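Subject: Model for your review

Hello,

I am passing on the structure we talked about. Please look it over before reading my notes.

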Amino acid sequence: MKVVLDTNVLVSGFLNPYGPPGSIVGLAASGDLTLCYDARILAEYREVLLRPKFELDVQAVEDFLAQVEAEGTAVTAAPLPHH
C-alpha cells in the first residue's frame, strides 16, 4: 500500500513505538507500507524529527529517511493554481 505519512504521525511513532503511530512507522520500516515522498516532505521529516526537544537518535532518523528514499516512491506534486 502506498501512503504519504503525516509528519505528526511519524514523530509520534518515533516517540512511542508501541502505540498506533508506532505501528504505522513499523509497517513503513518493514516495507509493508510504501511511503510516497518528495524533497519537501523529506526536508520536513528531517527538520522536525531532529528537533532537540524530541531527543531522537540522529542515526536512527537518518537511517529511516535513507530507507524511505531507497524503498519509497518519489512523487512530483503538480503546482498549485494561481487565483
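Below are notes on the sheet, the helix contacts and a few single residues.

This is a predicted model, in which local features need pLDDT of at least 70 and side-chain atom pairs count only at pLDDT 80 or more, while totals for chains, interfaces and linings use all residues. Residues are numbered from 1 along each chain as its sequence is written, and side-chain values use heavy atoms, with hydrogens and water left out.

Helices and strands are DSSP runs numbered from the N terminus, with helices being H or I of at least four residues and strands E of at least two.

The sheet

The strands form an open sheet of three, in the order β1-β2-β3, with parallel pairing. Because β1 and β3 stand at the edges with a single partner strand each, one side of each has no neighbour in the sheet. Two strands are taken as paired if DSSP finds at least two bridges between them. Strand β1 (residues 2-3) is joined to β2 by two bridges, and K2 stands opposite T34 in β2. On the β3 side, two bridges join β2 to strand β3 (residues 73-74), with Y37 opposite A74. As a general point, side chains in a regular strand alternate between the two faces of the sheet.

T34 belongs to strand β2 (residues 34-37). Apart from neighbours within four places in sequence, T34 is in contact (heavy atoms within 4.5 Å) with M1, K2, V3, E71, G72 and T73.

Two packed helices are described by the angle between their axes and the distance between the axes. The axes here are lines fitted to C-alpha atoms, for helices over the stretch in contact, and angles run from 0 to 180 degrees between N-to-C directions. Angles under 35 degrees count as roughly parallel, over 145 as roughly antiparallel, 65 to 115 as roughly perpendicular, and the rest as oblique.

How do α1 and α2 cross? The axes of α1 and helix α2 (residues 20-30) come within 7 Å and cross at roughly 100°, which means that α1 is roughly perpendicular to α2. On the α1 side the contact involves V9, L10, S12, G13 and F14, and on the α2 side P21, G22, I24 and V25. The residues of this contact divide into six nonpolar, three polar and no charged. In that division, Ala, Val, Leu, Ile, Met, Phe, Trp, Tyr, Cys and Pro count as nonpolar, Asp, Glu, Lys and Arg as charged, and the others, Gly among them, as polar.

For helix α1 (residues 7-15) and helix α3 (residues 39-49), the axes come within 10 Å and cross at roughly 40°, so α1 is oblique to α3. The crossing of α1 and α3 is right-handed, a term used if the near helix is turned clockwise from the far one by less than a right angle. T7, L10, V11 and F14 in α1 meet E44, Y45, V48 and L49 in α3. Six nonpolar residues, one polar and one charged make up the contact of α1 with α3.

Single residues

T7 sits in helix α1 and counts as buried, at 8% relative accessibility. Buried means under 20% relative accessible area, exposed over 50%, and partly exposed in between, with a 1.4 Å probe and protein chains only. Beyond neighbours within four places in sequence, T7 is in contact with E44, Y45 and V48.

F14 is also a residue of helix α1. Again leaving aside neighbours within four places, F14 is in contact with V25, L49, L56, A60, V61 and F64. F14 and V48 are 34 residues apart in sequence, and their C-alpha atoms are 11 Å apart.

E55 lies in the loop between α3 and α4 (58-71). At 71% relative accessibility E55 counts as exposed. Phi of E55 is near 55°, a positive value in a residue other than glycine. The C-alpha atoms of E55 and L15 are separated by 9.1 Å, with the residues 40 apart along the chain.

Regards
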